[in-house]
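Here is a short tour of one structure, meant to be read with the sequence and the 3D view open side by side.

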Amino acid sequence: MEPRPRDANSIAHPRSLYVREDRIIEQVDPWISRAFRPATLQAIADAKHNDADQQHIAVAREKLAIIQTKLDRYRAALEAGTDPALVQQWTTQVQAETATAEAELRQVTGRRAMTPAEIQTVVEELSGIANVLRTADPVDKAQVYQQLGLRLTYKPGLRIIEAEANPDGSCTELISATRMC
């Protein structure tokens, strides 16, 4: 006698399940805000590199931070009346240091390093995302979720909803599980 194929309906989950959307959304929007914090995004990016790479990345980022501090001081010196030709010489030297540090970082990460100003801009733009989503029109919110590649999976045995974001089809995924019941 031939074995019977598994019945598609024999999966161990309820035939239907009602979960209130508002109970999910009140958890998802703050999760998105936490998931896209600079520290979280940095940790995901860093997890792709081994310890030696991490060391090189840290050194290159430290160099870039020092360079930014120098540029800030040079700007202040210029505003205080320092000879512009002298400031230009300093700036030219720092630009060469920047190119070297960015090349070192790119060699390890394969990406261009963002400037502190670019990082700050991204952080500021994302910092209020939970508030924006809380008051957004549901159609607009659905489009944001779609762009984030948001996928929710209910795990009935554990009574949790797993949230996963995969923005723009990147290979980086943010995953979190939240107990809903």
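## A tyrosine and its partner

This is a predicted model. In it, tyrosine 74 has a relative accessible area of 15%, so this residue counts as buried, given that the cut-off for buried is under 20%. Tryptophan 90, by contrast, is partly exposed, at 27% relative accessibility.

Searching the whole structure turns up 1 aromatic pair. Its members are tyrosine 74 and tryptophan 90, whose rings sit 5.0 Å apart centre to centre, with 40° between the planes, a tilted arrangement. Because tyrosine 74 belongs to helix α3 and tryptophan 90 to helix α4, the pair ties together parts that are 16 residues apart in sequence.

## Helix α4

Helix α4 covers residues 84–109, 26 residues in all. At 1.5 Å a residue it should span 38 Å, and the 36 Å between its end C-alpha atoms agrees with that.

Which residues of α4 are buried? They are Val87, Thr91, Val94, Thr98, Ala101, Glu102, Leu105 and Thr109. Helix α3 (51–79) is included in what covers them. After α4 comes glycine 110, with a positive phi near 80°.

## Around leucine 150

Now to another spot on the chain. Leucine 150 sits in the loop between α7 (138–148) and β1 (151–155). Leaving aside residues up to four places away in sequence, leucine 150 touches Val28, Trp31, Ile32, Tyr145, Glu164 and Ala165.

Proline 167 is 17 residues from leucine 150 along the chain, and their C-alpha atoms are separated by 7.8 Å.

Methods:
Residues numbered from 1 in each chain as written. Predicted model: local features only at pLDDT ≥ 70, side-chain atom pairs only at ≥ 80, totals over all residues. Heavy atoms only, no water. Helix = DSSP H or I, 4+ residues; strand = E, 2+ residues; numbered from the N terminus. Expected span 1.5 Å × (residues − 1). Buried < 20%, exposed > 50% of the residue type's maximum accessible area, 1.4 Å probe, protein only. Contact = heavy atoms within 4.5 Å. Phe/Tyr/Trp six-rings, centres within 6.5 Å; stacked < 30°, edge-to-face > 60°.
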